Amino acid sequence: MNPEYLPTQISHYDFTALLASYPSLVPSDLEPLDQLRYTEIPSTLAERKASRPPYLSKTELQTLVKWKLKHGTHRPSLPALVASNPAPLVQATTAAAFTDYSSTSPPPSVAKATAKLCELKGVGPATASLLLCVYDPENVPFFSDELFRWLHWEEEDAGGAQEGKKGRAKGKTGEGWARKIKYTAKEYGSLVEKTGSLRERLGSEVKAVDVERVAWALRRRDEEVMLTGKQAGDRAEERAGERDEWSKRKASREDEPAPKRRHKTRSQLDGEFP
């Protein structure tokens, strides 16, 4: 990763540019889910806040889980677990969690609210953070793989890491985009803290959901750079192979003895010219 994009170094200008690039990086088949996750469901929750205790329906919960799996690591068993929750339980649990979050001040209790949401089947700290993020996208970050890895990019790994050749720590939990995640409440607490520090440094207009999308954009851009580099390397290797094959054929032709010239006899020549 470009050092200028590290969370402790990124400028407001670069952050804003990366955020603006997010829509162009999202595959077209994910755009409808993005619309639901970032616009429609948060707007629905905002309307519910004004008239009654806000909640998420079972359909909305399943939509958010579908978005999460499409946007990140696919876990085949998760949709069935989430679907096993009765609709009234989903509504009651999410309403209680949102109430716990809103009634605790200052600051709102993210830990208490996410713990309540984890009572639902198939909902762990990462999914719980997503549900809370659509309720308060300005202040609550989603526990995404990309965001966690980006915010912890410069940290040494657990278990006594050693410095790698490229300047990133190597150890038991991996490095960079390959850093392993346990998806614990402790890890999410660290992510919340680091998101807050980044927002404080860049300015109050930066939302938690913006930080999430910038991290995803950075990961996507790095993937494209690696793919482009691999394709260029494959093409160079192919051209080198073609040159080697041509050289072998040329050498083979040069090693072949020259064909002997056959001279015609006098009688053959007399027969050609009457």
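Let's start with a term. Buried means under 20% relative accessible area, exposed means over 50%, and partly exposed is in between, with a 1.4 Å probe and protein chains only. By that rule Arg 37 is buried, at 1% relative accessibility.

A word on the source. This is a predicted model, where local features need pLDDT of at least 70, side-chain atom pairs count only at pLDDT 80 or more, and totals for chains, interfaces and linings use all residues. Residues are numbered from 1 along each chain as its sequence is written, and side-chain values use heavy atoms, with hydrogens and water left out.

Now the overall picture. The chain has 11 helices and two strands. Helices here are DSSP runs of H or I with at least four residues, strands are runs of E with at least two, and both are numbered from the N terminus. In sequence order the pattern reads α-α-α-α-α-α-α-α-β-β-α-α-α. Of the 274 residues in the chain, 38% are buried. Contact means heavy atoms within 4.5 Å. Take the contacts between residues at least 6 apart in sequence: 66% of them join residues at least 24 apart.

Back to Arg 37. Which side chain does Arg 37 meet in a salt bridge? Its partner is Glu 212, at 2.8 Å, N to O. For a salt bridge, a side-chain nitrogen of Lys or Arg must be within 4 Å of a carboxyl oxygen of Asp or Glu. Arg 37 sits in helix α2 (residues 31-51) and Glu 212 in helix α10 (residues 208-255), so this pair ties together parts that are 175 residues apart in sequence. Glu 212 is buried too, with a relative accessible area of 4%.

There are six salt bridges in the structure. Another one joins Lys 116 and Glu 119, at 3.2 Å, N to O. Lys 116 is partly exposed at 24%, and Glu 119 is exposed at 53%. Arg 219 and Glu 223 also pair up, at 3.6 Å. Both lie in α10, four residues apart, or about one turn of the helix. Glu 223 is partly exposed, at 33%.

Next, helix α1. It covers residues 12-25, which is 14 residues, and reaches 20 Å from first C-alpha to last, close to the 20 Å expected at 1.5 Å a residue. That expected span is 1.5 Å times one less than the number of residues. Asp 14, Phe 15, Leu 18, Ser 21, Tyr 22 and Leu 25 are buried in α1. Seen down the axis, these buried residues fall within an arc of 135°, so they line one face of the helix. The arc is taken from the directions from the helix axis to the C-beta atoms. On the other side, Tyr 13, Ala 20, Pro 23 and Ser 24 are exposed.

Last stop, helix α3. Its buried residues include Leu 61, Leu 64, Val 65 and Trp 67. Which residues of α7 do these meet? Leu 61, Leu 64, Val 65, Trp 67 and Lys 68 in α3 meet Ala 126, Thr 127, Leu 130, Leu 131 and Val 134 in α7. Lys 70 is also found in α3. Leaving aside neighbours within four places in sequence, Lys 70 is in contact with Leu 30 and Leu 33. Lys 70 and Leu 33 are 37 residues apart in sequence, yet 8.8 Å apart in space, C-alpha to C-alpha.
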